[in-house]
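Subject: Structure handover

Hello,

Here is the structure I promised to pass on. Please open it alongside these notes.

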Amino acid sequence: MELNLKNRPFNLNHTLNCGQAFRWDKIDNWWYGVVKENIIKIKQIDNKLIFFTYPKENNTKLVKNYFRLNDDLNYIVRQINKDKYINEAIRKFYGLRIIRQEPWECLISYICATNTNIPIIRNMIFNLSKKFGEKIKFGNHKFYTFPKACILAKAGLDILKKCGIGYRAEYISKASKMTNNNEIQFNRLSKINYQAVKKELLQIPGVGPKVADCICLFSLDKLDAFPVDIWVTRSILELYHKYFDSLFTKKISGKKYKSLTLAEYNKINSFGKKYFGKYAGYAQEYLFYYKRMYNSFIRS
DNA sequence: ACATCCCCTTAGCC
DNA sequence: AGGCTAAGGGGAT
């Protein structure tokens, strides 16, 4: 199946490499991912996307929706392009789009994403899927769907821990039970505003402000959410310190990789939202990817 | 009501 | 070889 992007800016590699989604692999120049109960095999050639979906074939709707191809990216980028720093990130990673993930999978993924790094997060989610998901064979490759809430809700802590998730096992177990009990209703959450969604997400064990913001941004259409992780903190301290008092920046930079307090998180978070506006989430992702890439570059 | 300190798995890196 | 780092959160004080 072919999808002509026409003049819609999109860069598949940036979108899948930037660290927002953990379930994609590049094999022989094709990206493979599991989205809902489907496998997507996809590559980009100039302004064309070439893809296969399985088991439901030619599922253009799934691809368009997942990659948010209907977002007016040129307009969004114009809204967040406030200074030379973000401008450089936008130019460097032009075409990066926020992905619309499944809320349930996104919740568990970002509970896994605390106090660890992207390769380990990918492992945790793969292990959970392999042990508790359903196997799908596609070509010469095997894939696993993300496990349903009712399955994880029944799983014992000892079995969960064999997936390498450590202390997160209890959070995942409780979050699964809440989802399975209908205490968390994602289709309702996608319809209420950012503040209200975040407040509800914070009731889930293992979900603090950072994880809640990630779920809002990557799965619940809250493009104004501005997650603040270590990389965003660094880029704010380096590039935007003039918007904070020197006492604050000094305190944060002296923390040496210890986590932010709630007050500190909220201060950076509300700066991001105010400064970049209603598409602050897009700005966050460009800054995050830019800072992470640049730091790994100067280390190697 | 707030802030501070400490613990929590895992793996790659130096 | 042991400490540090990584898309942080929770609980005790």
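Below are the conventions, then the findings, element by element.

This is a predicted model, with local features needing pLDDT of at least 70, side-chain atom pairs counting only at pLDDT 80 or more, and totals for chains, interfaces and linings using all residues. Residues are numbered from 1 along each chain as its sequence is written, chains are lettered from A and ligands numbered from 1 in the order in which they are written, and side-chain values use heavy atoms, with hydrogens and water left out.

The sheet

Helices (H or I, at least four residues) and strands (E, at least two) are DSSP runs, numbered from the N terminus. Two strands pair if DSSP finds at least two bridges between them. Five strands form an open sheet in the order 1-5-4-3-2, and the pairing is antiparallel. Strand 1 (2–4) and strand 2 (24–27) are at the edges with a single partner strand each, so one side of each has no neighbour in the sheet. On average, neighbouring strands are turned by 25° against each other, direction ignored. The axes behind that angle are lines fitted to C-alpha atoms, for helices over the stretch in contact, and angles run from 0 to 180 degrees between N-to-C directions.

Strand 1 and strand 5 (residues 48–54) run antiparallel and share three bridges. Leu-3 sits opposite Leu-49 of strand 5. Strand 4 (residues 38–45) is joined to strand 5 by seven bridges, again antiparallel. Lys-43 has Ile-50 in strand 5 as its bridge partner. The hairpin of strand 4 and strand 5 has two residues between the strands. There, Asp-46 has a positive phi near 50°.

The DNA contact

Near means that a heavy atom of the residue lies within 4 Å of the molecule or strand. Around DNA strand B are Asn-115, Ile-120, Gly-164, Gly-166, Tyr-167, Arg-168, Lys-251 and Ala-263. By class, that surface has three nonpolar, three polar and two charged residues. Ala, Val, Leu, Ile, Met, Phe, Trp, Tyr, Cys and Pro count as nonpolar, Asp, Glu, Lys and Arg as charged, and the others, Gly among them, as polar. Of the atoms of DNA strand B within 4 Å of the protein, 62% belong to sugar or phosphate; the rest belong to bases.

The helices

Buried means under 20% relative accessible area, exposed over 50%, partly exposed in between (1.4 Å probe, protein chains only). Seven of the 10 residues of helix 13 (residues 230–239) are buried, so the rest of the structure largely encloses this helix. Among them are Trp-231, Arg-234 and Ile-236. At its start, a side-chain oxygen of Asp-229 comes within 3.2 Å of the backbone nitrogen of Trp-231.

Thr-249 belongs to helix 14 (residues 246–253). Its relative accessibility is 14%, so Thr-249 counts as buried. Thr-249 and Ile-236 are 13 residues apart in sequence and 9.3 Å apart in space, C-alpha to C-alpha.

Gly-277 follows helix 15, with a positive phi near 85°.

Best wishes

Notes. Polar contact = N/O pair within 3.5 Å; in protein donor to acceptor, adjacent residues only side chain to side chain.
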